[in-house]
Amino acid sequence: MQEKLILSVLPGEIPLSKLNLAGTHDSATAFVSLSKFARCQNKTIPEQLQMGVRFLDIRLYEDRKGLRLVHAFADCYRGENTKKPLYFDEVFSFCTSFLKENPRETLVLSVKLDRGSREIEFAERFYKDFIKPNAALWYLENRVPTLRECRGKLVLFRRYIQSPDLPLPCGLDFSVWESQKSRTETVPLPVVMAPGCTALVQDRYRLAPDKKWNDCAKPFLDICKPTESRICLHYLSTCGGKGVPAENAARINEWFSSYPLKTDAPQGWILLDFPTQALCDKIMQSNLTVYSEREMV
């Protein structure tokens, strides 16, 4: 078994919500302007996929040439020594190539319009350019799939308002996402995607690192209970304190590295800034322990 292809050996009847998935926050920011405050990753998306990351946080802006990767007002670049913008066409190619090579894996793509306000126009362009001509490559229903249902596919985790005129369903509906910008509140917030399909989201992104971990992230990890129809989403990232993601991540990732994941139950999808290979392995390999009594492929 290849260590980074954990999903490939797990039983297909497991709901995706009841798997521990390693993810990244602002996944495309390995090369980015305003890097001290906007850089959240030091690995490219292909490198993240090889590390075991299975949830990508994609932030976009529509310009005349296409859908460009951004982090709010910062621009994402194709490489270290270039100012050429990174477009979603390239990210889409990375992801579909990975799944073609590893058809028993799956990738969750969180897609958000992160700059600009023309959400309906953005939704129509994303549909026309990437969903309609590639419908077989996506899981597009607004319900939690089993692993079997989404193997070899991109699971659309939609953080934008859908145009009512589009004929195909367009993924898990996270368009009603309350911003968790409070500097004092610590509780996760619910998202209702559809009747009987919900999520609890911990994305308290303005807390200082010690408060983020001790009062927010760790308590939610302790008590969360994903179900067949409820996703538990844990952002360990924060721009609180001095506002430097790399410094915050160094502290939080160290605390998380010592945190014992449960051996008898899943805890959800865990999104990090600057994850290491060891942290990705910790999250993904925990599924083998949780489901050790089930027959593996």
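Me: Why are α7 and α8 called oblique to each other?

Reply: This is a predicted model, where local features need pLDDT of at least 70 and side-chain atom pairs count only at pLDDT 80 or more. Residues are numbered from 1 along each chain, and side-chain values use heavy atoms, without hydrogens and water. Helix α7 (residues 245-257) packs against helix α8 (residues 277-290) at an angle of about 40°. Angles under 35 degrees count as roughly parallel, over 145 as roughly antiparallel, 65 to 115 as roughly perpendicular and the rest as oblique. Therefore α7 and α8 are oblique to each other.

Me: What makes the crossing of α7 and α8 left-handed or right-handed?

Reply: A crossing is left-handed if the near helix is turned anticlockwise from the far one by less than a right angle, and right-handed if clockwise. α7 passes α8 in a left-handed crossing. By contrast, α6 passes α7 in a right-handed crossing.

Me: Which residues in α7 and α8 meet?

Reply: Contact means heavy atoms within 4.5 Å. Asn 253, Phe 256 and Ser 257 in α7 meet Leu 279, Lys 282 and Ile 283 in α8. These divide into 3 nonpolar, 2 polar and 1 charged. Here Ala, Val, Leu, Ile, Met, Phe, Trp, Tyr, Cys and Pro count as nonpolar, Asp, Glu, Lys and Arg as charged, and the others, Gly among them, as polar.

Me: What residues does α6 bring to α7?

Reply: Pro 209, Asp 210, Lys 212, Trp 213 and Leu 221 in α6 meet residues of α7 that include Trp 255 and Phe 256.

Technical notes. Axes are lines fitted to C-alpha atoms, for helices over the stretch in contact, and angles run from 0 to 180 degrees between N-to-C directions. Helices (H or I, at least four residues) and strands (E, at least two) are DSSP runs, numbered from the N terminus.
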